[in-house]
Amino acid sequence: MREIDTAAIDKLPPREQEEARKLLATLQAQYEANPLLGYQPHPKQDQFHRAQTYIKAFMGGNRSGKTTAGIVDDIIQAVDLECLPDHLKPYKKFSPPFHCRIVCPSEKIMESIVFQKLREWTPKDQYVGGDWGKAFSKSQRILQFKNGSYFDFLTYEQDVDKHGGAAKHRIHYDEVPPYEIWHEGKMRLSDYKGADALFTMTPLEGLNWAYDDLWVPWEKGKLKDGFIVTVDIDDNPFLDQDQKVKALEGYSSAELQARKSGRFVHFAGMIYPEFSRSEHVIPEQPIPDGAYVYIGIDPGIRVMAAVVWAYVESDGQIIVFDELGVQGFTVAEVAKAIKIINTKHGKDHPIKPRAYVIDPSARNIEQISGRSVQMEFIDHGVYTVLGQNDVAAGINRVKERLENGK
């Protein structure tokens with residue numbers, strides 16, 4: 001519901017003021033009962049809602065309206081057609097009962113953003129029992145509608161096997177999911193004709209599978225049965241200039257481009273333009289006695305493993321001294337290659353790293369084998385600990401070290 005100019009009402013004659021306030025109270029009650037009456041999509045949101053492809057993605061910067069558009073689109077599909085205002089009816093693709101899964105990076109985001117948006121925009125009389133408290137099961141993580149539609153909720157923190165289960169009409173990914181979760185989710189969409197995968201995301205995670213499988217084909221006009229709309233913060237007409245400035249404060253110039261435009265723009269060139277060969281590359285030298293050696297392992301998707309060797313000097317400076325990138329290798333072969341390189345750098349015996357640090361996705365259990373990549377490495381004598389995989393934070397940390405000479 002748009003903001004009401006109460007000062008203008010105060011200027012009306014007394015009788016007209018009374019009539020205006022009664023009308024305003026009636027409208028307020030209607031909008032509170034059915035918030036969808038007040039949803040007015042901006043032009044880019046309209047394009048997103050009208051798409052009825054298998055994949056539809058809203059790639060937006062901060063405050064571009066991506067999460068709101070995604071959640072409202074989910075609600076439009078779940079509720080009865082009769083409760084939709086006329087301007088939203090063309091967006092309805094599914095008839096109830098509509099079975100949808102919403103997945104996001106963490107439980108914190110689910111509680112503070114996804115649930116808040118659902119409560120903000122869902123017509124109250126569409127809930128089972130007429131309110132959120134009766135419709136939402138905390139134990140089952142399901143939100144039920146009186147017409148048989150439901151949403152269930154998962155996060156990227158959960159193992160892949162948790163993302164199985166019953167068939168869905170839609171899976172909505174708020175931000176880019178790990179590839180394994182996306183792959184598992186596609187199986188949930190295979191039973192219903194017209195089922196779709198919906199993405200609302202800001203592309204901050206680099207050249208991941210979404211860049212390769214969604215963005216590049218879309219740019220080339222080859223994304224099969226898919227639609228992507230990119231939305232700049234300036235495309236949102238409901239934000240004033242002060243709001244835009246506040247939304248974009250505190251980011252590096254590279255990250256700022258992605259957060260403003262919703263594109264993979266900062267990956268068109270170097271991810272680390274701060275890198276200087278003359279400053280950051282040093283002659284090869286022996287590993288100092290007592291230095292802490294760390295080995296980082298990224299199991300990857302297309303590349304089976306990318307491995308990096310580094311040690312930390314007493315002043316905190318990190319020296320990266322070897323790397324490995326292999327394709328089509330088994331875990332056993334990767335573990336063997338790691339041990340060979342460890343031997344190469346040892347003086348009288350292989351170096352013993354303080355820790356092997358692996359991407360946390362390595363702990364995910366595969367449904368067929370019942371095992372994880374981390375377990376496989378343990379079988380071959382490589383005992384790993386799980387690292388932090390916040391990509392944006394990691395990129396910024398490397399940038400800081402490149403800038404300060406560490």
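At 54% relative accessibility, K344 counts as exposed, and that makes it a handy way into this predicted model. K344 sits in helix α12, residues 331–345, and its side chain makes a polar contact with the side chain of D322 at 2.8 Å. Zooming out, the protein chain has 14 helices and 13 strands, and 45% of its 406 residues count as buried. Among contacts between residues at least 6 apart in sequence, 64% join residues at least 24 apart.

- β3 runs antiparallel to β4 (residues 142–144), with two bridges joining them, and F136 stands opposite L143 of β4.

**Strand β7, covered on both faces**

- Why is β7 largely enclosed by the rest of the structure? Six of the six residues of β7 are buried, so the strand has the rest of the structure around it.
- Both faces are covered: D196, L198 and T200 are buried on one side, and A197, F199 and M201 are buried on the other.
- β7 pairs with β1 in parallel through five bridges, and the bridge partner of A57 in β7 is F199.
- β6 also pairs with β7 in the parallel sense, over five bridges. Here I171 has A197 of β7 as its bridge partner.

**Helix α7 and its buried side**

- Which residues of α7 (179–188) are buried? They are I181, W182, E184, G185 and R188.
- These residues cover an arc of only 165° around the axis, which puts them on the same side of α7.
- What do the buried residues of α7 pack against? Their partners are strands β1 (55–60), β2 (99–104), β6 (170–174) and β7 (196–201), along with helix α8 (209–219).

**The largest nonpolar core**

- In soluble globular proteins, nonpolar side chains tend to be buried together.
- The largest nonpolar core in this model has 38 residues, and the members touching the most other members are I102, V114, F115, L118, L143, F151 and F153.
- Elements that each supply at least two residues to this core are α4 (66–78), β2, α5 (107–121), α6 (132–135), β5 (150–155) and β8 (226–231).
- Helix α4 gives the largest share, six residues.
- L143 is worth a look: leaving out residues up to four places away in sequence, L143 touches L118, Y127, W132, A135, F136, S149, Y150, F151 and F153.

**Q77, a buried residue in α4**

- Q77 is found in helix α4. Is Q77 buried or exposed? Q77 is buried, with a relative accessible area of 0%.
- The side chain of Q77 reaches the backbone oxygen of Y91 at 3.1 Å.
- Not counting residues up to four places away in sequence, Q77 touches Y91, K92, K93, F94, F98 and R170.

- Another open sheet is built from five strands in the order β11-β10-β9-β12-β13, with mixed pairing.
- Its edge strands are β11 (318–326) and β13 (384–386), and each pairs on one side only.
- On average, neighbouring strands of this sheet are turned by 25° against each other, direction ignored.
- Three bridges join β12 (residues 355–358) to β13, and the two strands run parallel. V357 stands opposite V385 in β13.

Conventions:
Residues are numbered from 1 along each chain as its sequence is written. This is a predicted model: local features need pLDDT of at least 70, side-chain atom pairs count only at pLDDT 80 or more; totals for chains, interfaces and linings use all residues. Side-chain values use heavy atoms; hydrogens and water are left out. Buried means under 20% relative accessible area, exposed over 50%, partly exposed in between (1.4 Å probe, protein chains only). Helices (H or I, at least four residues) and strands (E, at least two) are DSSP runs, numbered from the N terminus. The arc is that of the directions from the helix axis to the C-beta atoms. Contact means heavy atoms within 4.5 Å. A nonpolar core is a set of buried Ala, Val, Leu, Ile, Met, Phe, Trp, Tyr and Cys residues joined through side-chain atoms within 4.5 Å. A polar contact is a pair of N or O atoms within 3.5 Å; within protein, one must be able to donate a hydrogen and the other to accept it, and residues adjacent in sequence count only if both atoms are side-chain atoms. Two strands pair if DSSP finds at least two bridges between them. Axes are lines fitted to C-alpha atoms, for helices over the stretch in contact, and angles run from 0 to 180 degrees between N-to-C directions.
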